[in-house]
Amino acid sequence: MVMIVGIISSALMMANVTHAKAKASNDTQVSLKKDAKLYDTHKIKKIKTKSAKKYFGKESLYEKKSAKVKKTTYKFVQSANGTKSGWMKSSDLYVVKRRITTKSTYKLSPRISESSDLDNRQLSQLSDSQIKSRIRAKFINFVQGQRKKTGNGSWVSSNGLNKVAQERANYVDPTMGEASHYTTRDGKRHRQEAAILDGQKMKIVKNQNDIYESNGYATLDKNYYHIADYVKYFNEMITDDGASGDSHKTQLLGNEGDGLRYYGIGLRVIKTNVTVQVNIVILSADTKYK
């Protein structure tokens, strides 16, 4: 299972101490989906560190055991040399290398036709365009349903915003956080939002303060996860947006401007031998740019 969505080391003092090796043949290697809190025990009461990413650094991590607390699953993870460990939410981790219990044979996965149930297929069986089209459709459907509860009107696709959003998705690095919204393709950081600058360069956007942008990414194990897992993460821009002060939620639900009814979405798929990363850029405006 591989899931990454991330941000941000802690020094370790050693004095003639030896540690048992953590890695066993049946351990599952995991990595951080996003930076998160690390707890001392499975009771999840004492925070060991607010930044698991800083604490573990570049250590290889392995899942040792799990526990459920108030319907939430936590995993006990340990570094390969056994020097660092702690409890984390299962949803903050992804599997880098799945546990192998049976001998497997490798063969090329057949492509799936558009009429098939793409959502239940392994990512390795889907083309980039299939991944993007299904994530796009399901995410739009979710936001539409959420907006119905607000009275801010339906979400309307804008050809112009779609073009600008795709231009942004083709190069933006969501892992930069806030800086990503102000960095253009040439790597320069501006005071003006990059989406507006790109839109002006493309001769689509005229109003200098009419565009709102949200972006994100998820990196998942291509042999374990499915389309719905990406959508679930992206849906958290509405359902679990506390980390951003609900700024993404405010944009997507239209609780800003005159309802921000018009949107554009850009998606980029980046594949490796193990993972599939999907970057998403969502632009919103009160103007239906053509």
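**Entry 1**

I began with Glu-213, which is buried at a relative accessible area of 9%. I take buried as under 20% relative accessible area, exposed as over 50%, and partly exposed as in between, with a 1.4 Å probe and protein chains only. The model is a predicted one, where local features need pLDDT of at least 70, side-chain atom pairs count only at pLDDT 80 or more, and totals for chains, interfaces and linings use all residues. Residues are numbered from 1 along each chain as its sequence is written, and side-chain values use heavy atoms, with hydrogens and water left out.

Which side chain meets Glu-213 in a salt bridge? I found Arg-168, at 2.8 Å from N to O. Arg-168 sits in helix H3 (residues 159–169) and Glu-213 in strand E10, so I noted a link between distant parts of the chain, 45 residues apart. Arg-168 is buried too, at 0% relative accessibility. For my own reference, a salt bridge here is a side-chain nitrogen of Lys or Arg within 4 Å of a carboxyl oxygen of Asp or Glu. Helices (H or I, at least four residues) and strands (E, at least two) are DSSP runs, numbered from the N terminus.

**Entry 2: the other salt bridges I looked up**

How many salt bridges does the structure hold? I noted seven. Side chains of opposite charge can pair when their charged atoms come close.

I then turned to Asp-119, which forms a salt bridge with Arg-134, the closest N and O atoms being 2.9 Å apart. Asp-119 lies in the loop between strand E8 (93–97) and H2, while Arg-134 lies in helix H2, so this pair ties together parts 15 residues apart in sequence. Asp-119 counts as buried at 13% relative accessibility, whereas Arg-134 is partly exposed at 25%.

Asp-119 also forms a salt bridge with Lys-138, with 3.4 Å between the closest N and O atoms. Here the loop between E8 and H2 is again linked to helix H2, with the two residues 19 apart. Lys-138 is partly exposed, with a relative accessible area of 27%. I wrote down Asp-119, Arg-134 and Lys-138 as a network of salt bridges.

**Entry 3: strand E12 and its neighbours**

Back to E10, this time for its pairing. Strand E10 (residues 212–221) runs antiparallel to E12, and ten bridges join them. Within that pairing, Ser-214 stands opposite Ile-282. Two strands pair, by the rule I used, if DSSP finds at least two bridges between them.

Strand E11 (residues 262–271) is also antiparallel to E12, again with ten bridges. Val-269 has Val-278 in E12 as its bridge partner. A hairpin of three residues joins E11 to E12.

How many of the residues of E12 are buried? In this strand (residues 275–285), eleven of eleven are. Both faces are covered: one side includes Thr-275 and Val-281, and the other includes Val-276 and Ile-282.

**Entry 4: strand E2**

I also checked strand E2 (residues 28–32), where four of the five residues are buried. E2 pairs with strand E5 (residues 61–69) in the antiparallel sense, over three bridges. Gln-29 has Tyr-62 in E5 as its bridge partner.

**Entry 5: aromatic rings**

A pair of aromatic rings is described by the distance of the centres and the angle of the planes. My rule was that rings of Phe, Tyr and Trp (its six-membered ring) pair if their centres lie within 6.5 Å; planes under 30 degrees apart are stacked, over 60 edge-to-face, and the rest tilted. This rule gives seven aromatic pairs.

Why is the pair of Phe-139 and Trp-155 edge-to-face? The centres are 6.3 Å apart and the planes stand at 70 degrees, so the pair falls in that class. Phe-139 is in helix H2 (residues 128–147) and Trp-155 in the loop between H2 and strand E9 (156–157), so parts 16 residues apart in sequence are tied together.

Lys-65 lies over the face of Phe-76, 5.3 Å from the ring centre. Lys-84 lies over the face of Tyr-55, at 5.8 Å.

**Entry 6: Gln-146**

My last stop was Gln-146, in helix H2. Is Gln-146 buried or exposed? It is buried, with a relative accessible area of 19%. Leaving out residues up to four places away in sequence, Gln-146 touches Ile-238 and Leu-253, where contact means heavy atoms within 4.5 Å.

Definitions and conventions. Lys NZ or Arg CZ within 6 Å of the ring centre and 35° of its normal.
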